[in-house]
Amino acid sequence: MLNKIKNDWPEGQYCGWQQILDANNQRPAFWLRVNQQQSNASQYQQLLAELDIESEASPLVDHALKLSRGIDVRLLPGFTDGSVSVQDIGAQLSAGLLAASAGHRVLDLCAAPGGKTCHVLERDNSIEKMIAVEFDENRMQRVSENLQRLKLSDTSMDEHRVELIVADAREYEKWWDGEFFDRILVDAPCSASGVIRRHPDIKTLRRESDIEKLVKLQSEILLSAWQMLAPGGELLYITCSIFKDENQGQIKSFLVHNAENSNDATEIKIEADWGKPCDHGRQLFPGENDADGFYFCKLKKIK
């Protein structure tokens with residue numbers, strides 16, 4: 001994979017391969033996401049201070065806090081009651097970019113372990129419907145546990161407002177009821193090349209030959225998700241990869257395919273003070289703003 005990193009991000013670009021390697025060898029920051037349904041960052045920061053736990057706020061996400069050191073989550077105030085979650089600041093950008101709001105039907109594909117699912121609900125708990133789809137039944141149990149801990153699975157008069165479906169995201173005809181979604185989050189399976197500092201074994205387990213299979217899988221999920229998006233709706237494509245084939249290359253291929261078929265897709269440019277603007281989407285590199293590496297791209301269905 002080293003050669004691929006060098007080819008994708010040669011020295012002299014926004015973030016060269018050596019910077020990426022150096023960042024991937026650093027200890028990752030310990031980020032918290034304060035549950036907005038229960039508290040806010042400043043209030044929770046005060047609780048931490050009372051326990052002599054040092055923290056600082058983030059300029060990227062207003063309910064994120066970075067601890068000065070790692071800590072057993074059981075020592076975090078209100079953790080078992082759902083006051084806070086552990087989630088990288090890069091991942092926390094997702095809910096804001098998705099921008100789901102009151103009355104929206106939202107679909108989260110490849111949802112486990114549920115951090116983004118929960119964050120979307122925390123950000124605006126008045127959305128009409130949240131459906132989270134995950135292929136692995138054991139991993140889906142993590143989604144359920146997180147929803148329950150954060151008290152997000154029973155906060156509506158409609159007990160079916162949050163629905164978990166164990167299924168293959170590509171085989172949407174088997175589980176989709178035909179009602180379109182206003183927002184779709186595709187947290188695509190990927191090489192995880194942006195989170196190596198959290199999972200160092202990726203260096204030895206992942207092969208460059210894996211990328212082609214992953215790109216095919218991502219494409220199939222993206223095409224399936226598009227069929228379920230309502231006209232005027234928005235889709236957020238995410239990976240925790242730094243490889244262009246999985247990111248801007250994937251989106252380029254999708255847009256070419258779309259133009260040759262339905263021709264109903266347009267990209268919504270992400271304007272931000274983090275990451276690098278790509279031909280399509282935006283790349284956040286490992287270590288930037290003390291975040292893991294993530295790629296984001298927003299697409300809108302125009303008809």
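Trainee: Where do I start? How do α4 and α5 cross, and how many Å apart do their axes come?

Mentor: The axes of helix α4 (residues 89-98) and helix α5 (residues 115-123) come within 9 Å and cross at roughly 50 degrees. Axes are lines fitted to C-alpha atoms, for helices over the stretch in contact, and angles run from 0 to 180 degrees between N-to-C directions. Helices (H or I, at least four residues) and strands (E, at least two) are DSSP runs, numbered from the N terminus. Keep in mind that this is a predicted model: local features need pLDDT of at least 70, side-chain atom pairs count only at pLDDT 80 or more, and totals for chains, interfaces and linings use all residues. Residues are numbered from 1 along each chain as its sequence is written, and side-chain values use heavy atoms, with hydrogens and water left out.

Trainee: What do we call α4 and α5 relative to each other?

Mentor: Oblique. Angles under 35 degrees count as roughly parallel, over 145 as roughly antiparallel, 65 to 115 as roughly perpendicular and the rest as oblique.

Trainee: Which residues in α4 and α5 meet?

Mentor: From α4, Ala91, Gln92, Ser94, Ala95, Gly96 and Leu98 meet Lys116, His119, Val120 and Arg123 of α5. Contact here means heavy atoms within 4.5 Å. Sorted by class, that contact has 4 nonpolar, 4 polar and 2 charged residues. Ala, Val, Leu, Ile, Met, Phe, Trp, Tyr, Cys and Pro count as nonpolar, Asp, Glu, Lys and Arg as charged, and the others, Gly among them, as polar.

Trainee: New topic. How many disulfides are there in the whole structure?

Mentor: The search finds 0. A disulfide is counted as a pair of cysteine sulfur atoms within 2.5 Å. For Cys110, the nearest cysteine sulfur is that of Cys190, 10 Å away.

Trainee: Is Cys190 buried or exposed?

Mentor: Cys190 is buried, at 10% relative accessibility. Buried means under 20% relative accessible area, exposed over 50%, partly exposed in between (1.4 Å probe, protein chains only). Cys110 is buried too, at 16%.

Trainee: What about the backbone: which peptide bond is cis, with omega near 5 degrees?

Mentor: The one from Ala112 to Pro113. Pro113 sits in the loop between β5 (105-109) and α5.

Trainee: And what's up with phi of Lys151?

Mentor: Phi of Lys151 is near 60 degrees, a positive value in a residue other than glycine. Lys151 is in the loop between α6 (137-149) and β7 (162-166), and is partly exposed at 42% relative accessibility.
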